Amino acid sequence: MINTKDILETITMIQDEHLDIRTTTMGISLLDCCDSDADRACEKIYEKITRSAENLVKVGCDIENEYGIPIINKRISVTPISMILASTRGGDPIKFAKTLERAASTVGVNFIGGYSALVQKGFAAGDEALIRSIPEALSVTDHVCSSVNIGSTKAGINMDAVRMMGKVVREAAELTADRHCIGAAKLVVFCNAPEDNPFMAGAFHGVGEADRIINVGVSGPGVVRAALEKAGNCNITEIADIIKKTAFKITRMGQLVANEASRRLGVDFGIVDLSLAPTPAVGDSVAHILEEMGLECCGGYGTTAALALLNDAVKKGGVMASSHVGGLSGAFIPVSEDAGMISATKCGCLTLEKLEAMTAVCSVGLDMIVVPGDTSSDIISAMIADEAAIGMVNSKTTAVRVIPAIGKNVGDELEFGGLLGSGPVMNINKYSPAKFIARGGRIPAPLQSLKN
Amino acid sequence: MRAVITVVGKDCVGILAEVSNACARNNVNISEVSQSILQDMFCMIMMADISKCAIPFAEFKAQLESKSEQLGLSIHVMHEDIFNSMHRI
């Protein structure tokens with residue numbers, strides 16, 4: 001029989017320490033839905049999504065019930081819509097956004113990702129039209145998420161796309177100003193975007209993926225923090241070992257759910273994403289793990305080192321627990337979704353500059369950061385360029401999801417509700433990068449890209 | 001398929017009877033039981049074979065877990081694989 005201590009440990013993790021499967025995401029290829037007629041393409045898309053994901057939510061709930069492990073989100077990611085748009089002549093991109101929304105509502109998923117374009121080296125047919133339509137698409141839908149990849153280690157950074165995205169982010173916030181600028185919270189600008197990411201808002205189904213696939217994202221910052229708390233006064237080597245062991249256990253649970261979901265849905269298993277994804281709930285914070293390691297407050301000196309240790313140990317522990325690892329895999333640092341980050345921002349300890357440094361060692365980038373409503377599109381573009389440069393040079397994924405709080409300033413707050421949480425408006429550096437951004441062109445790929 | 005039933009809480013009369021009764025009523029065979037009392041806290045773990053359970057698993061689980069409040073205990077019914085996958089390589 002299984003050891004009593006082990007059984008109680010698992011139950012405590014789920015009951016008291018917020019262990020959960022953050023998302024079961026079905027990736028669906030829409031490449032076979034291309035059609036020169038936009039309406040017909042939309043019909044095919046709706047039909048394929050609703051047929052493929054018909055049982056996704058039910059199977060998720062069944063597994064949740066049987067195994068006693070909460071599965072918080074059931075989601076869908078699809079082929080970047082810009083590719084489907086490329087084959088239609090003069091089709092209105094918004095039609096596609098509305099089709100995705102309708103399909104998501106029919107199957108009952110929380111989010112659908114893939115209103116996306118990949119333009120790291122340049123714009124192909126469909127890309128510009130899709131990017132320009134993003135603000136409207138996000139304002140007329142609730143479940144659709146959008147992402148644009150503007151750079152990669154192999155291709156460099158497309159500065160024309162960077163300039164465009166500053167404007168798109170701002171406009172997405174403006175069009176949803178009456179709903180806490182939620183549009184910008186559903187939009188991610190990537191460098192080195194992974195093609196099998198199960199997490200929103202950046203999930204899309206890459207062109208190298210199978211027709212349908214199941215990807216699972218685990219979570220569990222609360223479990224890691226509790227394990228460190230129990231360990232008490234130990235040295236950093238021991239801390240790394242405790243995190244590895246805990247990440248192993250968390251990931252095994254993700255692998256089990258992924259195998260079961262894949263078997264029951266008859267869809268191949270893709271990857272487990274080894275991420276520590278926080279929620280605004282008390283006791284489910286990545287910032288609190290860093291503080292448990294001995295920092296007075298997240299954002300102070302030592303934060304980057306502590307995060308680097310955490311990020312690395314999570315991967316080392318998780319990688320043996322799963323047969324295929326992918327997605328973003330690492331520790332997330334979304335400000336509005338993490339109770340510890342929110343309080344560190346409010347007390348002035350955590351600044352945007354420190355967050356930028358942290359993104360060099362965490363799994364993603366500047367995530368869910370609320371900036372003043374009068375932040376210009378040039379400044380947002382320059383933030384995107386800085387983040388993309390960190391990702392490009394370090395061969396890692398970086399992303400920007402900033403939300404200009406229209407009509408608000410430092411000291412105010414945006415309330416998104418649910419898992420997206422609430423974010424205090426952060427102070428930003430207002431010196432103008434306008435001339436740099438206006439130049440356009442491409443930042444050449446760095447030497448690191450020449451590995452052959 | 002086997003399920004792990006855990007009961008944790010303040011000790012009182014009839015805990016074992018309540019849980020094993022519910023199992024018997026639904027044709028669930030209890031294959032192993034371990035129980036201990038730590039500082040007045042009752043902790044019981046049962047392995048139960050649910051392959052011949054007379055009702056759907058979700059219903060059986062709901063039935064047992066609904067006794068939590070009545071007995072003032074915390075009762076969980078979970079598939080054994082979750083523990084196997086987490087604690088065994």
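Q: How many residue pairs are in polar contact between chain B and chain A, and what makes a pair count?
A: In this predicted model, the count is six residue pairs in polar contact between chain B and chain A. A pair of N or O atoms must lie within 3.5 Å, and one must be able to donate a hydrogen and the other to accept it.

Q: Which elements of chain B supply the side that touches chain A?
A: At least two residues each come from strand 1 (2–10), strand 2 (29–38), strand 3 (41–49), helix 2 (57–65), strand 4 (73–79) and helix 4 (80–87) of chain B. Helix 4 of chain B gives the largest share, eight residues. By kind, the residues on that side of chain B are 15 nonpolar, seven polar and five charged.

Q: How many salt bridges does the rule find across the interface of chain B and chain A?
A: The rule finds zero salt bridges there. To count, a side-chain nitrogen of Lys or Arg would have to be within 4 Å of a carboxyl oxygen of Asp or Glu.

Q: What do chain B and chain A bury between them?
A: The two chains bury about 2,300 Å², with 72% of it on carbon and sulfur atoms. B:I82, B:M86 and B:H87 supply 28% of the area that chain B buries against chain A, more than any other three residues. In terms of contact, 27 residues of chain B meet 24 residues of chain A.

Q: Why is chain A called as compact as a globular protein of its length?
A: The globule rule gives 22 Å for 452 residues, and the radius of gyration of chain A is 21 Å, close to that value, so the description applies. Chain A has 16 helices and 15 strands, and 63% of its residues count as buried.

Q: How do you know that the radius of gyration of chain B agrees with that of a compact globule?
A: A compact globule of 89 residues would have a radius of gyration near 12 Å, and chain B has 13 Å, so the two agree. Chain B has four helices and four strands, in the order β-α-β-β-α-α-β-α along the sequence. Buried residues make up 47% of chain B.

Q: Why is A:N215 called buried?
A: Buried means under 20% relative accessible area; A:N215 has 2%, so A:N215 counts as buried. A:N215 is found in strand 7 (residues 212–218) of chain A. A polar atom of the A:N215 side chain lies 3.3 Å from the backbone oxygen of A:D196. Beyond its neighbours within four places in sequence, A:N215 is in contact with residues including A:T23, A:T24 and A:T25.

Q: What makes the phi of A:N192 worth a remark, and is A:N192 buried or exposed?
A: A:N192 is not a glycine, although its phi is positive, about 55°. The loop between strand 6 and strand 7 of chain A holds A:N192. Its relative accessibility is 18%, so A:N192 counts as buried. In that loop lies A:A201 too, joined to A:M200 by a cis peptide bond with omega about 15°.

Q: Why does A:S329 count as buried?
A: The relative accessibility of A:S329 is 11%, and the cut-off is under 20%, so A:S329 counts as buried. A:S329 has a positive phi of about 40° and is not a glycine. Its place is in the loop between helix 12 (303–319) and strand 10 (330–331) of chain A.

Definitions and conventions
Residues are numbered from 1 along each chain as its sequence is written. Chains are lettered from A and ligands numbered from 1 in the order in which they are written. This is a predicted model: local features need pLDDT of at least 70, side-chain atom pairs count only at pLDDT 80 or more; totals for chains, interfaces and linings use all residues. Side-chain values use heavy atoms; hydrogens and water are left out. Contact means heavy atoms within 4.5 Å. Buried area is the accessible area (1.4 Å probe) that two parts lose on being put together, summed over both. Ala, Val, Leu, Ile, Met, Phe, Trp, Tyr, Cys and Pro count as nonpolar, Asp, Glu, Lys and Arg as charged, and the others, Gly among them, as polar. The radius of gyration is taken over C-alpha atoms; the globule rule is 2.2 Å times the number of residues to the power 0.38. Buried means under 20% relative accessible area, exposed over 50%, partly exposed in between (1.4 Å probe, protein chains only).
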